[in-house]
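Let's take a look together at how two chains meet. The report below walks through their contact and how the copies are related.

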Number of protein chains: 2
Amino acid sequence: MILNDADILALDTRFRAHFINSLGGFKSLVLVGTAHPDGSVNLATFSSLFHLGANPAVCGIIIRPSKPSRNTIDNILSTRQYTLNHVRPTFYQQAHQCSAKYEAGVSEFAEVGLTEKYMDGIEAPFVAESHIQFACEFVQKIDIELNGTTLIIGKIIKVIVPDDCVQSDGFIDLEKAETLTCSGLDSYHSTKKIHRLAYAKPDTAPSILENP
Amino acid sequence: MILNDADILALDTRFRAHFINSLGGFKSLVLVGTAHPDGSVNLATFSSLFHLGANPAVCGIIIRPSKPSRNTIDNILSTRQYTLNHVRPTFYQQAHQCSAKYEAGVSEFAEVGLTEKYMDGIEAPFVAESHIQFACEFVQKIDIELNGTTLIIGKIIKVIVPDDCVQSDGFIDLEKAETLTCSGLDSYHSTKKIHRLAYAKPDTAPSILENP
């Protein structure tokens with residue numbers, strides 16, 4: 001199947017949504033936890049998390065202009081903090097359910113049956129069921145005028161990872177932590193490691209990293 | 001392991017790079033193909049691709065300030081086009097090798113042994129070995145001053161996907177296309193689908209999508 005610009009425009013809206021959302025490959029899957037100044041909490045499914053830098057440790061998420069996503073952004077701009085929580089097979093259906101359009105003020109934790117967890121200095125709720133959890137402090141908002149989405153940049157200020165998932169060189173074994181990935185709008189996948197590879201250099205053949 | 005802001009800052013630089021790059025979960029893995037106006041070509045490994053919208057069909061990539069990444073951005077700004085190509089198990093080591101710091105003007109296709117493929121109207125090279133390939137037209141550059149990275153936004157103007165990987169509702173079966181995912185700086189993974197789930201609605205329990 002070969003599609004040009006005009007073919008993509010001519011696709012049925014729902015078909016195009018599934019198609020274009022699948023096209024980018026496998027995605028990071030996280031639940032973003034936020035708090036409203038009135039004490040209510042929100043938990044939202046995101047597949048747009050990306051790495052921005054390790055020093056300072058910063059990452060980005062894209063927030064859509066639709067109403068439930070605005071709850072997340074309003075909370076982040078009010079409280080300047082949010083948590084990001086990996087999804088495990090035991091609760092991927094609850095994670096998906098967090099993408100439903102609940103009204104502002106409704107707690108997705110309560111609705112889907114996940115557990116709020118709090119840590120010193122972080123007002124936003126973590127997901128207790130996640131094995132890898134981290135929190136960000138709001139740094140910058142960039143409005144993408146092209147389609148009304150918003151890039152939120154955050155500085156990573158707290159990380160919780162099981163000790164036995166961290167290798168000696170800092171690499172986190174996501175499979176040991178049971179982290180899932182997703183594709184398209186609704187597909188959930190576990191992974192199987194092929195190999196880690198040694199740092200690539202010109203004039204050196206690729207090689208498998210042994211006992212890192 | 002619980003790390004705070006100051007603990008993250010105090011990590012060894014290489015440890016922190018592996019750790020923070022792993023923390024975001026599994027990532028989209030693509031090879032970005034570009035052409036220089038002088039006719040030379042470039043192929044670079046990216047793990048920062050993210051979906052921005054389906055209508056118009058747009059996506060983003062983050063380009064690091066380091067020198068080899070500048071070859072990609074210079075080419076994109078000169079020719080206004082680039083290709084994105086999924087990675088299969090048969091050539092993931094070559095894909096990794098494209099992250100080596102080759103000099104400007106050196107073709108990673110030739111160095112690592114991948115095949116350039118050209119399509120009408122697209123000056124940038126596709127990777128013939130990829131089962132899923134698409135091309136973008138440059139739309140916008142956003143400089144992220146915080147750490148010198150650059151967000152490149154592109155409009156998807158051509159897509160090549162095997163017919164038998166596209167389901168009736170537009171979902172692309174990435175596993176059938178042998179698309180891999182990556183984690184950290186150097187780890188490559190295949191995936192296994194758990195389930196697709198039905199569109200989530202408040203007051204409706206999550207359910208598995210049958211025969212979409």
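## Size of the interface

What area is buried between chain A and chain B, and what share of it do carbon and sulfur atoms give? In this predicted model, the buried area comes to about 8800 Å², and carbon and sulfur atoms give 62% of that. On the chain A side, A:Met1, A:Leu23 and A:Phe26 supply 9% of the area buried against chain B, more than any other three residues.

Counted by residues, the contact takes 99 from chain A and 99 from chain B.

## Polar and charged links

Between the two chains there are 52 residue pairs in polar contact, with both residues at pLDDT 80 or more. By class, the side of chain A that touches chain B has 52 nonpolar, 31 polar and 16 charged residues.

Four salt bridges cross the interface of chain A and chain B. The side chains of A:Asp5 and B:Lys155 form a salt bridge, at 3.3 Å from N to O.

## Strands across the boundary

Strand E11 of chain A (residues 149–160) pairs with strand E1 of chain B (residues 2–4). The pairing is antiparallel and runs over three bridges. Here A:Lys158 stands opposite B:Asn4 in E1(B).

## How the copies are related

Chain A superposes on chain B by a rotation of 180 degrees with 0.0 Å of shift along the axis, at an RMSD of 0.0 Å. That is the relation of a two-fold axis. Within chain A, A:Thr191 comes closest to the rotation axis, its C-alpha lying at 2.1 Å.

Which surface does each copy use? 100% of the interface residues of chain A are also interface residues in chain B, so the copies meet through the same surface.

Methods:
Residues numbered from 1 in each chain as written. Chains lettered and ligands numbered in written order. Predicted model: local features only at pLDDT ≥ 70, side-chain atom pairs only at ≥ 80, totals over all residues. Heavy atoms only, no water. Contact = heavy atoms within 4.5 Å. Buried area = accessible area lost by both parts, 1.4 Å probe. Polar contact = N/O pair within 3.5 Å; in protein donor to acceptor, adjacent residues only side chain to side chain. Nonpolar A, V, L, I, M, F, W, Y, C, P; charged D, E, K, R; others polar. Pairing = 2+ DSSP bridges. Helix = DSSP H or I, 4+ residues; strand = E, 2+ residues; numbered from the N terminus. Least-squares fit on C-alpha atoms with pLDDT ≥ 70 in both.
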